[in-house]
Amino acid sequence: MQDVACFYVVDSANVGYLQFYVWNSISNFFELKHTNTITSAVLSNWQTETSLIRDLTGIIFKSNGQSTIVHIKTTDYSYTQTTVTVSWGTMTSYTGTVDLNSLYLT
Amino acid sequence: MPQIVGFMNSDYVFKFDYASYVLTAADSIAMPCNANQITAGCVGERAFITLEPEHFDIGTNYIAMLSPINCAASSTLTTITNASVRFYKLDTVWDIDTNNNGQVDSTEADLVPTTVDWDKGWTCMDVPTSMNWQHATTAYWYGNWI
């Protein structure tokens, strides 16, 4: 089951939330099922520098200025949050500085 | 699972494999030619861009990047006439030139070695000037990053 809609919402206090909605077929509306408070100090350019990628079991989330990448599982409606790590082991040609804070994914 | 790519600045785009909560950098795409490639004959302005998320997108086969410089622009030689979109084909297999001499390694013993194709995988399309997105320039483009 992957009928989960995900939105990234930032409030006026610059706190970022991931909100997960599931279609309520009885009353025909998107029902808010879960909220993750994911970023406590969102940067001003978050509209363009936030990565929200679907995979087979949920979503991968990354925001600018944060080195942490997370996965949130939606297929079982558990919304379990797991940290995603980055491996550069096979990337021998890159001689620059790795800066996960600035990494943008798409 | 679609291809995941990412970048931290304007030098490389990385292709990532993803499994079991690990993103593994599996390949890299040099945006402007890197120092070794320039030494070996690559033209530095191949993808003269500043990578920003809002100027970058990925599809099934290509990544696309907006550039404020037209495809045929040449630093210090031409004026900028248009903005452009630079495309890179994701499944491109690069010519291997480990000693950076501009010749494909597997042909170096040949009578006439094959020259490395530095533009492999890249295509470019100018966008109409009506979009007003080209870089404001003086008489000639001096190749400044913007």
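How many helices and strands are there in chain B? Chain B has one helix and seven strands, taken here as DSSP runs numbered from the N terminus, with H or I over at least four residues for helices and E over at least two for strands. From the N terminus on, these elements follow the order β-β-β-α-β-β-β-β.

The model is predicted: local features need pLDDT of at least 70 and side-chain atom pairs count only at pLDDT 80 or more, while totals for chains, interfaces and linings use all residues. Residues are numbered from 1 along each chain as its sequence is written, and chains are lettered from A and ligands numbered from 1 in the order in which they are written.

An open sheet of eight strands runs in the order β4(A)-β5(A)-β6(A)-β7(A)-β3(B)-β2(B)-β1(B)-β8(A), with mixed pairing. β4 (50-54) and β8 of chain A stand at the edges, each with a single partner strand, so one side of each is left without a neighbour in the sheet. Two strands are taken to pair if DSSP finds at least two bridges between them. The table lists pairings within this sheet.

| Strand pair | Direction | Bridges |
|---|---|---|
| β5(A) and β6(A) | antiparallel | four |
| β6(A) and β7(A) | antiparallel | four |
| β7(A) and β3(B) | parallel | three |
| β2(B) and β3(B) | antiparallel | eight |
| β1(B) and β2(B) | antiparallel | three |

In chain A, β5 covers residues 58-63 and β6 covers residues 69-73. The bridge partner of Ile60(A) in β6(A) is His71(A). Five residues lie between these two strands in their hairpin, where Gly65(A) takes a positive phi near 85°. On the β7(A) side, Ile72(A) has Gln81(A) as its bridge partner.

The parallel pairing joins the two chains: β7(A) is bridged to β3(B), residues 22-30, and Val86(A) stands opposite Leu23(B).

**The interface**

Between the chains, 23 residues of chain A are in contact with 22 residues of chain B, contact meaning that C-beta atoms, placed from the backbone, lie within 7 Å. On the side of chain A that touches chain B, β7 and β8 (104-105) of chain A are the elements that give two or more residues. The largest share, five residues, comes from β7(A). By class, this side of chain A has ten nonpolar, ten polar and three charged residues; Ala, Val, Leu, Ile, Met, Phe, Trp, Tyr, Cys and Pro count as nonpolar, Asp, Glu, Lys and Arg as charged, and the others, Gly among them, as polar.

**The nonpolar cores**

The largest nonpolar core has 17 residues, and those with the most contacts inside it are Val5(B), Phe7(B), Tyr12(B), Val13(B), Phe14(B), Phe16(B) and Ile63(B). Such a core is a set of buried Ala, Val, Leu, Ile, Met, Phe, Trp, Tyr and Cys residues joined through C-beta atoms within 7 Å; a residue is buried if 20 or more other C-beta atoms lie within 10 Å of its own. Two or more residues each come from β8 of chain A and from β1 (4-7), β2 (12-19), β3 and β5 of chain B. The largest share of this core, five residues, comes from β2(B). Leaving aside residues up to four places away in sequence, Val13(B) touches Val5(B), Phe7(B), Ile29(B), Met31(B) and Ile63(B).

A second, separate core of ten residues includes Tyr8(A), Ile59(A), Ile60(A) and Ile72(A).

In chain B, β5 (residues 62-67) and β6 (residues 84-89) are joined by six bridges, and Tyr62(B) has Lys89(B) as its bridge partner.

Of the 146 residues of chain B, 23% count as buried. Among contacts in chain B between residues at least 6 apart in sequence, 49% join residues at least 24 apart.

Key
A residue is buried if 20 or more other C-beta atoms lie within 10 Å of its own, exposed if 12 or fewer, and partly exposed in between; C-beta atoms are placed from the backbone. Two residues are in contact if their C-beta atoms, placed from the backbone, lie within 7 Å.
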